[in-house]
Amino acid sequence: MTVQEHLKASFALPDFMMEHYLMDLSDEDLMVRPLPVINHFKWQLGHLVQGEHSHMNELKFRRMPELPEGFADLFTKETAKIDDPAFFPSKESLVETMTEQRKGTLQILDGLSESDLESETPEAIRYFGPKVGNVFSGEVIHWMLHVGQLTVLRKYLGKQTF
């Protein structure tokens with residue numbers, strides 16, 4: 001298995017978990033805060049999508065699909081406090097954007113060589129690690145961290161978890 005194949009396969013778990021954990025949640029469910037200090041999942045999902053878009057574009061190998069106009073402005077630290085459901089895109093729109101961005105990430109990964117993955121990470125996203133390959137594995141970890149938070153929401157709502 002090549003490094004690219006391994007990284008690509010790694011994205012399958014958060015994709016599977018997100019798909020199954022979001023399937024039976026409504027727009028209203030995604031606005032629930034299990035505790036006042038926890039961001040609602042509509043914001044978290046947009047944060048993940050916007051973050052992945054930004055990180056992949058920082059690599060400068062290939063541009064990601066465009067986000068809907070104004071999308072990034074909806075998912076800042078300041079907007080995490082907003083509880084107005086009308087402020088955020090619908091679950092359907094968020095999932096559609098998430099799927100489109102993930103396809104873009106995987107297309108970038110498909111086009112990289114082992115040498116590309118070993119190249120230095122741009123300074124702006126070096127928190128993922130020193131090599132470009134670290135950025136891809138960091139995205140997987142970031143998504144799985146938020147899957148854990150989605151598990152808390154599901155338990156709070158009385159929904160089944162794996």
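## Starting at E118

Which helix holds the place of E118? E118 sits in helix α5, which covers residues 114-118. Is E118 buried or exposed? Its relative accessibility is 52%, and exposed means over 50%, so E118 counts as exposed.

V132 is 14 residues away from E118 in sequence. Yet the C-alpha atoms of E118 and V132 are 6.1 Å apart.

## Confidence in the model

This is a predicted model. The mean pLDDT of the protein is 96. A pLDDT of 70 or more is reached by 100% of the residues.

## Two helices side by side

Two packed helices are described by the angle between their axes and the distance between the axes. Take α1 and α4. Their packing angle is about 170°, and their axes lie 10 Å apart. That angle makes α1 roughly antiparallel to α4, because angles over 145 degrees fall in that class.

Which residues of α1 meet α4? They are Q4, L7 and K8.

## Q101, a buried residue in α4

Helix α4 runs over residues 91-110, and Q101 has its place there. Its relative accessibility is 1%. Buried means under 20%, so Q101 counts as buried.

What does Q101 touch, once neighbours within four places in sequence are left aside? Q101 is in contact with V49, E52, H53, M64, P65, E66 and L67. One of these residues, H53, also makes a polar contact with Q101. That contact joins side chain to side chain, at 2.8 Å.

## Salt bridges

Side chains of opposite charge can pair when their charged atoms come close. How many salt bridges does the model have? The count comes to 8.

One of them joins D15 and R102, with the closest N and O atoms 2.1 Å apart. D15 lies in helix α2, residues 12-22, and R102 lies in helix α4, so this pair ties together parts that are 87 residues apart in sequence. D15 is partly exposed, at 28% relative accessible area. R102 counts as buried, at 6%.

R154 and D24 form another salt bridge, at 2.7 Å from N to O. This pair links distant parts of the chain, 130 residues apart. R154 is in helix α6, residues 132-156. D24 is in the loop between α2 and α3, where α3 spans 41-59. R154 counts as buried, with 3% relative accessibility. D24 is partly exposed, with a relative accessible area of 37%.

E123 and R126 make a salt bridge too, and their closest N and O atoms are 2.8 Å apart. Is E123 buried or exposed? E123 counts as exposed, at 60% relative accessibility. R126 is partly exposed, at 28%.

## Two loop residues

Where is M31? M31 lies in the loop between α2 and α3. M31 counts as buried, because its relative accessibility is 12% and the cut-off for buried is under 20%. F41 is 10 residues from M31 along the chain, and their C-alpha atoms are separated by 6.3 Å. Leaving out residues up to four places away in sequence, M31 touches H40, K42, I82, D83, D84, P85 and F88.

K60 has its place in the loop between α3 and α4. K60 counts as exposed, at 63% relative accessibility. What is phi of K60 near? The angle is near 65°, a positive value in a residue other than glycine.

Terms used
Residues are numbered from 1 along each chain as its sequence is written. This is a predicted model: local features need pLDDT of at least 70, side-chain atom pairs count only at pLDDT 80 or more; totals for chains, interfaces and linings use all residues. Side-chain values use heavy atoms; hydrogens and water are left out. Helices (H or I, at least four residues) and strands (E, at least two) are DSSP runs, numbered from the N terminus. Buried means under 20% relative accessible area, exposed over 50%, partly exposed in between (1.4 Å probe, protein chains only). A polar contact is a pair of N or O atoms within 3.5 Å; within protein, one must be able to donate a hydrogen and the other to accept it, and residues adjacent in sequence count only if both atoms are side-chain atoms. Contact means heavy atoms within 4.5 Å. A salt bridge is a side-chain nitrogen of Lys or Arg within 4 Å of a carboxyl oxygen of Asp or Glu. pLDDT is the predictor's confidence in each residue, from 0 to 100. Axes are lines fitted to C-alpha atoms, for helices over the stretch in contact, and angles run from 0 to 180 degrees between N-to-C directions. Angles under 35 degrees count as roughly parallel, over 145 as roughly antiparallel, 65 to 115 as roughly perpendicular and the rest as oblique.
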